[in-house]
Amino acid sequence: MINLQFQYKHVTRFLSEEEIYLMQDEVDISHSLLIEKAGKGNQYLGWIDLPARTDETLINTIEADAKSLREKIEILVVIGIGGSYLGSRAILEALSSPFSAFFTENKNPAVLYAGQNISQDYYSELIHLLDKKEYAILVISKSGTTTEPAIAFRLLKNHIEKKYGPEEAASRIIAITDGSKGALKSLSEKNGYTTYVIPDDIGGRYSVLTPVGLLPVAIAGYNIRELIEGANEMRKACVETSSLLDNPAACYAAIRTSLYRTGSQIEILVNYEPSLHYFTEWWKQLFGESEGKENEGLFPAGADFTSDLHSMGQYIQEGQRMLFETVIHVQKSKHLLSIPANESDLDGLNYLTGKTLHQINEMAALGTTLAHIDGEVPNLDILLPTIDERSLGELIYFFEFACGLSGYLLGINPFNQPGVEAYKNNMFALLGKPGFENESEAIRERINEE
Ligand code: PA5
């Protein structure tokens, strides 16, 4: 059974129920294409059944490797970019205390990230920190050839081998990559690293429930079984029926597609919990890289409320009318905190005495939704019972399924990313990568002309 709820009551002013349910036939077709693996990019649909086919042996191995690493490290550096890092970061930031680095009694290793930028200052400061800490490296790249993580791994491999010696260093490096090809695969074999495989039929941004996401989450001390269980429950709800009444991901995909067709250009994923900031980053990648092609697709944006109500809030209320919001409401907080009484009431807040911050946050959310729909911004609501592994599993699968479905409704292939190559080719040409000699010459001429 799923606990997540999807609601569209704040959209009916813009899209009637009748218009929404007119999408049913189209959704039926896209749903069959997905689950019968008959649509575009069908070689990358392994994520659909993944939560049901993740076997006990793999889970046990992940938990055992996580346990032995946890005993000897203070820091885990996860090296990866895009789908090879955003999923684990989304889950870990959602589950962890924002202040965990300051709790000395906290025995869970801190997880830091590398390979997601090429900043000289970032790496210099990271290496400076790692000089003083016990650490291990988890390097993740499906292709095994992506430049940013490859650079980070060269730097940190060099550091860890100098710090611990080659043999101990090798026991502190785990690689997750393709089962048969790529530079990372050869490096891992040569150096004897523990290695996990990303299945061929699962693309980067759909890989969070493979070892790519499971291993960092287990090393950080969280329950991967609950995560998989939540995803599996949502899988059943999504796969079993295409009915907009019973399949929440289908309903969400139908409505966001209708909004796109009637003029919306931007979807903003809104949260009221700062710990969901990176969940939004994961969602932006999932939808942006899946839908943004052939001059189509909603632009996926994110907002952290109430912070961003004091910046983007003005635009959302009164700027160009081309956007809608999908709001994640977390129904139960992990902690209880209410406003204390204060006799003098100099701050004028006594009207809130005894109210919990959660209640105040909920009223901020409701007030914002009402204001935004008055400002012609349709709102969709996702009710998440709480932020724990199980709920996050449900939410992840909900978005993955909705994304696949939305891509098919749009008529594009949601499982490739040809546009990502353009910047890489220019960068390789500019840096003189072997094999790019002609491009190098052409780009230099172009720069001189411009
Ligand atoms: O979704 C995708 O396929 C991409 O975002 C990749 O995850 C990203 O480019 C990293 O690729 P790789 O894991 O091959 O290094």
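Arg-205 sits in the loop that runs between strand E6 (194-197) and helix H10 (211-219). In this predicted model, Arg-205 is buried, because its relative accessible area of 4% falls under the 20% limit. A backbone atom of Arg-205 also lies 2.9 Å from an oxygen atom of the ligand.

**Surroundings of Arg-205**

- The side chain of Arg-205 forms a polar contact of 3.3 Å with the side chain of Glu-289.
- At 3.0 Å, the side chain of Arg-205 also reaches the backbone oxygen of Pro-414.
- Beyond its neighbours within four places in sequence, Arg-205 is in contact with a set of residues that includes Gly-83, Trp-282, Gln-285, Leu-286, Lys-293 and Glu-400.
- Phe-415, Asn-416 and Gln-417 are also among the residues in contact with Arg-205.

**Ligand site**

- There are 13 residues around the ligand, of which Ser-84, Ser-141, Ser-143, Thr-146 and Gln-285 come nearest.
- A polar backbone atom of Lys-142 is 2.7 Å from an oxygen atom of the ligand.
- Glu-289, the side-chain partner of Arg-205, places an N or O atom of its side chain 2.9 Å from an oxygen atom of the ligand.
- The ligand taken alone exposes 380 Å², and the protein buries 88% of that area.

**Domain arrangement**

- The protein is divided into domain 1 (5-38 + 227-410), domain 2 (50-222) and domain 3 (420-449).
- A distance of 41 Å separates the C-alpha centres of domain 1 and domain 3.

Note on methods: Residues numbered from 1 in each chain as written. Predicted model: local features only at pLDDT ≥ 70, side-chain atom pairs only at ≥ 80, totals over all residues. Heavy atoms only, no water. Helix = DSSP H or I, 4+ residues; strand = E, 2+ residues; numbered from the N terminus. Buried < 20%, exposed > 50% of the residue type's maximum accessible area, 1.4 Å probe, protein only. Polar contact = N/O pair within 3.5 Å; in protein donor to acceptor, adjacent residues only side chain to side chain. Contact = heavy atoms within 4.5 Å. Domains from an automatic or database assignment. Near = heavy atom within 4 Å. Areas by Shrake-Rupley, 256 points an atom, 1.4 Å probe, with all protein chains shown as cover.
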